[in-house]
Amino acid sequence: MPNKTPIPDEIYLLCILHNVGATSPERALTFEEILRWTAMEPPKAEQNLNKLVESRYVEVKEVLGARKYFITVDGIRKVLSMYS
Amino acid sequence: MNICMITWEYPPRIVGGIARHCSGLAGALAKLGHSVHIVTLDFPGAPSYEEIEGVRIYRTPIELGHPNFIVWTLIFNHFIEKRVAMLSRDVKFDILHAHDWLVAPASIASKHYLRLPLVSTIHSTEVGRSHGLHNPDSYLIDGVEWWLTYESKRIIVTSNAMKREVEDHFHLPSEKIDIIPNAIDASKYNIPVDRGNVKRRFGIDPSERIVLFVGRLVPQKGVEYLIMAAPKIVERHPEARIVIVGDGWSKDYLLSLAASTGCQHKITFLGFISDQDLIEIMLSSDVLVVPSIYEPFGIVALEGMAAGIPIVASNTGGLAEIIEHDRTGFLAYKENPDSIAWGVNRILSDPGYASWLVQNAKRKIREVYSWDAVARRTIETYERALRE
């Protein structure tokens, strides 16, 4: 669709988390892993992740002191809305 | 008949109309005595295998990922294809049925190694969804859609508008395409609800009248035109509240658009809600607006008709076939907030007119859009594919 508004950065990040399979706590990714997949600048990635967590599209879990991120059911639906 | 249905979307993985279509059709086929196997993708919380009312559902995990969407679809198709291959050791399938381009590679490969006829339902096209082809991914998706129609023995579309689109764009022979509409289980809407309680539960005052939108918040659904119509609706009917159900990537834009109308306090975004909540909010609404700019069918219009809500829909695609203007609903000009406001205001102002639309719509649902009828016609298509 020739969109009147560009896809927001955080939605782009959400799509990548979905497509690489970070869709459950067992497959959650660390911040460093997310940076590798997305090639985003760390401050931008952090800002977008915070937005996604705040909107409940992404959840964070602590594993051995490391924060890991995965997308929620609502996050999956948000991503799929682009593709269906 | 042993039917293998391949779809990327199946409840609880509900995105658009495909999941609802597949589950309705599969259930009705099973009721007719056919053995239906659904091969689909996994979803958090859903079992990898389950049987629901005779339909066997196999949810396939995607064990690898890639940031690029197209690469991701090719990867999940591999896992779906593997699942079909494993199943075919135990089940002698008679026919394969694919839903949309997302499962084309797995469906086409399965057709060749199982030597079975492939029937495909084309729910929409990339060129229609995107209003043209604007980037390399779109060109590829368009090519895959053509490839799926070419490899399929028969094509099912849900409306005349889609038949024209598929025939013209992919240069398909008309005889290869069957029009079988979507359907709905109208009995789900025969439940008593306390409209006041339902409204309170969603933070809506019981005295307010709900003007409802249900769908994905993406440009093709045209939600922005309803939001732009809001001031004209609220000016005439201060008791109206625009309620938007659904989520999607355009949500932030729509929120800012709502803020710019000056009647943001009259527009509520509910996000994604459960099926049960959706039925209850529909039964508590006064008008359903379907302002799509591209809609091959528009199953939400059937849901509204079954729930007994008068409908204002864009005069486009499948909606223009489901809705008879001034008889089963109000057809508004596409992308036209004034026309939407006019239709909504007429329905809210004239209870006799609203009731006339609802009675006619309910009758049409009973006569035309039942899953039993759709399943029987689908079997006819399978039989033709087997014969040809």
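In chain B, 65% of the contacts between residues at least 6 apart in sequence join residues at least 24 apart; two residues are in contact if their C-beta atoms, placed from the backbone, lie within 7 Å. The model is predicted, so local features need pLDDT of at least 70 and side-chain atom pairs count only at pLDDT 80 or more, while totals for chains, interfaces and linings use all residues. Residues are numbered from 1 along each chain as its sequence is written, and chains are lettered from A in the order in which they are written.

**Overall form of chain B**

- Chain B has 15 helices and 14 strands; these are DSSP runs, with helices (H or I) of at least four residues and strands (E) of at least two, numbered from the N terminus.
- A compact globule of 388 residues would have a radius of gyration near 21 Å, and the 21 Å of chain B agrees with this; the radius is taken over C-alpha atoms, and the globule rule is 2.2 Å times the number of residues to the power 0.38.
- Along the principal axes, the C-alpha atoms of chain B fill a box of roughly 65 × 45 × 40 Å.
- Of the 388 residues in chain B, 52% are buried, that is, 20 or more other C-beta atoms lie within 10 Å of their own.

**The eight-stranded sheet**

- An open sheet in chain B has eight strands in the order β3-β4-β2-β1-β5-β6-β7-β8, with mixed pairing; two strands pair if DSSP finds at least two bridges between them.
- Its edge strands, β3 (49-52) and β8 (177-179) of chain B, each pair on one side only.
- Strands β1 (residues 2-6) and β2 (residues 35-41) of chain B run parallel and are joined by five bridges; B:Ile3 stands opposite B:Val36 in β2(B).

- Four bridges join the parallel strands β10 (residues 240-245) and β11 (residues 267-271) of chain B, and B:Ile244 has B:Phe269 as its bridge partner in β11(B).
- Between β10(B) and β11(B) the chain passes through helix α9 (residues 251-260) of chain B, in a right-handed β-α-β crossover; with the strands pointing away from the viewer, the path from the first strand over the helix to the second runs clockwise.

**Contact with chain A**

- In all, 26 residues of chain A are in contact with 28 residues of chain B.
- On the side of chain A that touches chain B, α1 (9-19), α2 (31-38) and α4 (73-83) of chain A each supply at least two residues, and α4(A) gives the most, with eight residues.

Technical notes: A residue is buried if 20 or more other C-beta atoms lie within 10 Å of its own, exposed if 12 or fewer, and partly exposed in between; C-beta atoms are placed from the backbone.
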